[in-house]
Amino acid sequence: MAPEPFEHETIDDLDVLLEALPPEIVAAIHALENRQALIEVVMDLGRRPEARYPEGEATLLEREVNEADIAYVVDHIGSFGDDNRAGIERTLHRISAIRNRNGKIVGLTCRIGRAVYGTIEIIADFVETGKSLLIMGRPGIGKTTMLREAARVLGDDLDKRVVVVDTSNEIAGDGDIPHPAIGKARRMQVRTPSLQHEVMIEAVENHMPQVIVIDEIGTELEAQAARTIAERGVQLIGTAHGNTLDNLMLNPTLSDLIGGIQSVTLGDEEARRRRSQKSVLERKAPPTFDVVIEIQDRERVLVHGDVADTVDAMLRGDPVAPELRWRDEEGIHRSQARPRPSPREQLAADRFSGLIGSGAGWRTEPPWRGDAGYRGGYGGADRGSAGRPGFRPGTSGSWRPGRGGPSGAPGGSGNGGAGTAARLDAPFVAGDIADRGPVERGSDAGSPPEPRARDSRELSRQREWRESATRAIGALKAEEGTGPVNAADLEADDEALMDRALATAVVEDGDGLRITSSETLPTLRVLPQGISRKRLEQAIRELQLPVIVAREVDEADVVMTIRSEYKQKTPLVREAEERNLPIYVLKTNTIPQMQSSLTSIFALEVDPREAALRETEEAIGVVMQRSEPIELSPQNAYIRRLQHQMAERANLVSRSRGREPYRRVRLYPDPAKSPWH
């Protein structure tokens, strides 16, 4: 149900306008029941005169308007300008003319101008903060009335220097003396509408205003002048015809008011990360206006408090939820409006086709947020107040646990602190390294979300591969006589081997990779920018480090990018620098570069690859001296291939044994002594 209208103090000077109309029409207007709601009087040659209201029209006379009626009105008002508008001195009324091909006036629209006090209260907080405001709405909804009241409030109540650029004398009335409705604000008249942009710049350069009020921004030159004014630090309050912000975005002439829209071609990696087409639409520049007000009716508005965020969300295809405000006898009410459908759902397929693709094929997924322990890891509900508790920077900006241990770190309280300690004390699971897809924001840690069909198929393929590998390895070991045939015994043997390798993963000279059970590495969230996400995930799996690939800047602990991206200072890199996040720059987009960067982040003593190759060199020397087979530590596929090449160069036989992640290389002294010859 619509709210009841709330009465304001109104000054309309209707009697002055009636003096300029023919007596018969004046008598018919006096006979109307609701004169206070009258918007305009229309007189067209050869038609009956009409009185227009917000909800309808009323016929004033039964006879048609003749040339004498039109001439009577023209003689009692001021002269018409280049925009075919005239006024009555010291009033807000506007008379607009319709001319034929010869320039003769054949129709008049007499708009009743009213000074309504108090209309700005519904958005007074934005007006007083100094932000630039753009007021939108259909004709006759009250845009100019709200603009006029804003000029008065800023000039009288806030004592600011206000200049009104009045193109058609509609804001401050006709004549050299402005109407009292604008208060102490100064008024600059425009000689012809085509020069409005020049007067706007002149007002800034000559009269040192703090606020400029402009009505009906409608050309590209005026939009550029408005941007120039806003960039000089002057508050700008203007109006533009259009019902919603969508209309402004689709208007190529006025889209610069909200930053402009340009087509951008994304790289393959960025397009996959965004899950969008390669050609997308993005905002070109900061918006001229900070706030957009959409007037739905005289007592009800929609407020877009941050135009930049709203436009970016609409270009991405995300739903937006502006603030809804309305006024009634009880006062001003505010509420969060229901999210508008995204452009993907509400528009034709070709409207934002460069950005959003085609309608029904799209679906919205929330960004990665991790599990419930991640939310609690930042100290309860206050997620953005401080960094992750229990950590201190290590060598070269790496991350290490604090001296007091994770449980003793400050910053977590209540459930949030408990979630942090539980997550850090829990053993690291290799299967949790890579990002496995979006997780619902509100999902409970006790009830994990159901896997998607794609994930289920992948898990099924992995399970079948493990079963097949287990059978093949068991059969091979049975033939060689080097291990049990039972797969369960084989798994226990691999686990025991891994425990033994971790316990003794220190080279005798102290230069090896040290992983002790008394210290657990913290989970780190890395945001890739301009590098391959799949390669980063592979590097993480091979190093077996507790790293999760982040999707947003606010989720990341560090940012990893490539040199070219860092030199270009992309928006994501600039945002990371503003947040003081560590940025690691790679020379090339390769797995070894990523592994080297990850080892430096965690401040590992040496590169695991170098430690493995050094172990291989020592093992080759022992095999050649003692002529006995030696089994190396479990390594990833890339390092195992290097180990096989080293053995081949030393004229030794090598064979991979076991299964991932415990698969390792065994060196034999002579091909004749290998078990398969």
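Visitor: Where in this predicted model is Thr91 found?
Guide: Look between two strands. Strand S5 covers 85-87, and strand S6 covers 94-99. Thr91 is found in the loop between S5 and S6.

Visitor: Is Thr91 buried or exposed?
Guide: The relative accessible area of Thr91 is 2%. Buried means under 20%. Thr91 is therefore buried.

Visitor: Which residue has its backbone oxygen 2.6 Å from a polar atom of the side chain of Thr91?
Guide: Thr91 touches Asp13, Val16, Gly173, Asp174 and His179, not counting residues up to four places away in sequence. The backbone oxygen asked about lies 2.6 Å from the Thr91 side chain. It belongs to Ile88.

Visitor: How many residues are in the second, separate core?
Guide: Ile212 is among those with the most contacts inside the largest core. Ile212 touches residues including Val163, Val165 and Met200. The second core is separate and includes Leu17, Leu18, Leu21 and Leu60. Its size is 30 residues.

Visitor: What separates the C-alpha atoms of Gly658 and Thr470?
Guide: Gly658 lies in the loop between strand S27 (653-657) and strand S28 (664-668). Gly658 is buried, with a relative accessible area of 3%. Gly658 and Thr470 are 188 residues apart along the chain. Their C-alpha atoms are separated by 9.0 Å.

Technical notes. Residues numbered from 1 in each chain as written. Predicted model: local features only at pLDDT ≥ 70, side-chain atom pairs only at ≥ 80, totals over all residues. Heavy atoms only, no water. Helix = DSSP H or I, 4+ residues; strand = E, 2+ residues; numbered from the N terminus. Buried < 20%, exposed > 50% of the residue type's maximum accessible area, 1.4 Å probe, protein only. Core = buried A, V, L, I, M, F, W, Y, C linked by side-chain atoms within 4.5 Å. Contact = heavy atoms within 4.5 Å. Polar contact = N/O pair within 3.5 Å; in protein donor to acceptor, adjacent residues only side chain to side chain.
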